Amino acid sequence: MLVARKFAADRPALLGLAVVLAVVLVAMFAPLIAPYPQDVSVSHLLLRLKPPSWAHPFGTDYLGRDIFSRVILGARGALLIAVMVVGLAMLTGVPLGLIGGYYRGVAAEAIMRVTDVFLAVPQLILALALAQLMTPSLTSAMLALTLTYWPFFTRIVYAETRRLKSSLFIDALRCIGASGPRILFLHILPNCVSSIIVRATIGMGFAILVAAVLGFLGMGATPPDPDWGLAISESRQYLPDAWWFSTFPGLAIFLTVLGFNLLGDGLRDIVDPRLRRSR
Amino acid sequence: MLRFVLRRVLLAIPSLFGLLVLTFFLIRVVPADPAAALAGENATPSQIAEIRRQYGLDRPLYVQFAVYCAQVARFDFGESAYSHRPVALDISQRLPATLELTVTALVLAIVLGIPLGTVAAVHHNRWPDILLRVLSVGGVAIAAFWFAIELQMIFAMGLDWLPLRGRLSTDLAAPSTVTGFYLIDSLLAGRFDLFVDAARHLVLPAVTLSLGGLATIARFTRAGVLETLQKDFVSYERAQGVPARALIWKFVLKNSVVASITQIGLLFGGLIAGAVVVETIFDWPGIGFYTVQAILTADYKVMLAVTLLIGVIYTAVNILVDLVHGLIDPRLREQL
């Protein structure tokens, strides 16, 4: 209850939560909310590049499709990528961190060295190279992002495991004969959950941002997907006259990532009071 | 101190070796058939076999890896399939452009970020602080490529205040190379018109690139100053009648920037990665632009060389940051 009260007092975090919830709701009910859900694939060349109006609040794109509808429908793809990437990265990174932190030996050492190497290469470039090597598609983009993000989970879980390993309750568990996997998954893992949640929230923002870059460079979503990054890349030929074409999808990316970052920051303040942002 | 330096440098060797292994695997193992990828879509099986032999792809992996290491040691990355010139030459000609851009962005981030963070901390929980908080979270959440395009749209296309792309206007010749930085070379050549033109071209890309760093530096400075303000010596100086302005900008700030130095080091690696996007949008002739071209045309030699280069820069900067820390705080030397 204390946690909830603390969180409720943090206005920026509440704002973040509200934005995230709004984006999730929009993504879930996208075909119902969007005024022209058929504009995913249908083009209306007579209506191309119309400025914002009552009928098309965000204007229309180069094929006459309603940008408002496409921004709403794009939330689905963005969230789907983010959830998949963070989920897969967690499934890979967390067990590796537990093993690397708990056991001594060549395997554990190797895990951590590989993690360090992955962290030494800038994530964006690694993701670009991987996405291209696996022939560009949405699936490759997701896999590439996962491969760049898992080390963050490994690092965090590793640090927590190392810290907990020497604590008294683990010694006690060992004395009564608990097995290694049992201690790791039933006793150490629950103690890492809060840091994992914080990292995952920030990771959602990261995944959406980098997925947009991939889409923008033509290595993610393919036309006619209503992808935010792809839309901005398509808009470049029609600037500056069709300013609405690039502006609204970009604002959608910004708001969504902002929401996840604010929420992540707020959660971190609760989980780790040492890093308290606003004393 | 010498032992500390040596140990820190030695510690970097395993990660550099790991980088070699990683890049090797990326290029040779991840693609299903690298020879087929190199030969192109319409290659016949015999052409593919020829390429496989030519590149040594038919030999065992460990032999390929040894050959690869030897090549890297000689800076021999082969010829780019895109520009048909040696990759090492291409990179050496493009690196100064990227460095000029990233260093300018970093300076911008530091020069604006530290005062912003300090002002926010001094006005803790009042409007400058709240404003900074919004800006610093927002600065990290903005997609750089989108921000760049919006800037282009407003300041280059709409208002026509600044050039849209490139490093110099097309009717001007680059100054003779001394440092490779146009801003410095043009001044050395006494060409003030070139300097102004280069500076005007630098504004939009540098501003875009500095955004994330600015947010981070401001945030860490704010946290550092807030912490220092709690210290006893501050109350003491205040009691001694040191004017508030001098107290903050001379004593408090000096004690607060240590944490920011780590961030600045980490940022530099991030800036080089960010240059990939920014250079693509502003047609900036640096290694970021080159990397994207290489990735889009599946020019694997360039991808390899650039990934290695950036990894090495990243590692080197991290060593440098640790050394600076060791200089400032001798206790840290013992921990290594």
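Student: At what angle do helix 5 (residues 87-122) of chain B and helix 13 of chain B pack, and what is that arrangement called?
Tutor: This is a predicted model. The axes of helix 5 and helix 13 of chain B are 8 Å apart, and the angle is about 130°. An angle over 145 degrees would count as roughly antiparallel, and 65 to 115 as roughly perpendicular. With that angle, helix 5 of chain B is therefore oblique to helix 13 of chain B.

Student: Which residues of helix 13 of chain B make the contact with helix 5 of chain B?
Tutor: By class the contact has four nonpolar, two polar and two charged residues. Helix 5 of chain B contributes B:Asp90, B:Ile91, B:Arg94, B:Leu95 and B:Thr98. From helix 13 of chain B come B:Ile287, B:Gly288 and B:Tyr290.

Student: How many of the 10 residues of helix 13 of chain B are buried?
Tutor: A residue is buried if 20 or more other C-beta atoms lie within 10 Å of its own. In helix 13 of chain B the buried residues are B:Ile287, B:Gly288, B:Phe289, B:Tyr290, B:Thr291, B:Val292, B:Ala294 and B:Ile295. Helix 13 of chain B is largely enclosed by the rest of the structure, because the buried residues number eight of the 10.

Student: Which residue with a positive phi follows helix 13 of chain B?
Tutor: The phi value there is near 50°. The residue is B:Ala298.

Student: Which helix of chain B gives the most to the side that touches chain A?
Tutor: The contact takes 39 residues from chain B and 36 residues from chain A. Elements giving two or more residues to the chain B side include helix 1 (2-28), helix 12 (258-282), helix 13 (287-296) and helix 14 (300-328) of chain B. By class, that side has 27 nonpolar, 10 polar and two charged residues. The most, seven residues, comes from helix 7 of chain B.

Student: Which helix of chain B is among those that cover the buried residues of helix 10 of chain A?
Tutor: Seven of the eight residues of helix 10 (residues 228-235) of chain A are buried, so this helix is largely enclosed by the rest of the structure. They are A:Trp228, A:Gly229, A:Leu230, A:Ala231, A:Ile232, A:Ser233 and A:Ser235. The cover includes helix 4, helix 9 (180-216) and helix 11 (243-271) of chain A, and from chain B, helix 7.

Student: What is the handedness of the crossing of helix 6 of chain B and helix 9 of chain B?
Tutor: Helix 6 (residues 127-141) and helix 9 (residues 192-229) of chain B have axes 8 Å apart and pack at an angle of about 140°. That makes helix 6 of chain B oblique to helix 9 of chain B. By class, their contact has seven nonpolar, three polar and two charged residues. The crossing is left-handed.

Student: How do helix 5 (residues 106-120) of chain A and helix 7 (residues 138-165) of chain A cross, and with what handedness?
Tutor: Their axes come within 9 Å and cross at roughly 130°, which means that helix 5 of chain A is oblique to helix 7 of chain A. A:Met112, A:Thr115, A:Phe118 and A:Leu119 of helix 5 meet A:Pro151, A:Thr154, A:Arg155 and A:Tyr158 of helix 7 in chain A. The crossing is left-handed.

Student: Is A:Tyr62 buried, partly exposed or exposed?
Tutor: The loop between helix 3 (30-33) and helix 4 of chain A holds A:Tyr62. Beyond its neighbours within four places in sequence, A:Tyr62 is in contact with A:Arg48, A:Leu49, A:Glu234 and A:Tyr238. There are 16 other C-beta atoms within 10 Å, so A:Tyr62 is partly exposed.

Conventions
Residues numbered from 1 in each chain as written. Chains lettered and ligands numbered in written order. Predicted model: local features only at pLDDT ≥ 70, side-chain atom pairs only at ≥ 80, totals over all residues. Axes fitted to C-alpha atoms, helices over the stretch in contact; angles between N-to-C directions. Helix = DSSP H or I, 4+ residues; strand = E, 2+ residues; numbered from the N terminus. Parallel < 35°, antiparallel > 145°, perpendicular 65-115°, else oblique. Left-handed = near helix turned anticlockwise from the far one by under 90°. Contact = placed C-beta atoms within 7 Å. Nonpolar A, V, L, I, M, F, W, Y, C, P; charged D, E, K, R; others polar. Buried ≥ 20, exposed ≤ 12 C-beta atoms within 10 Å, placed from the backbone.
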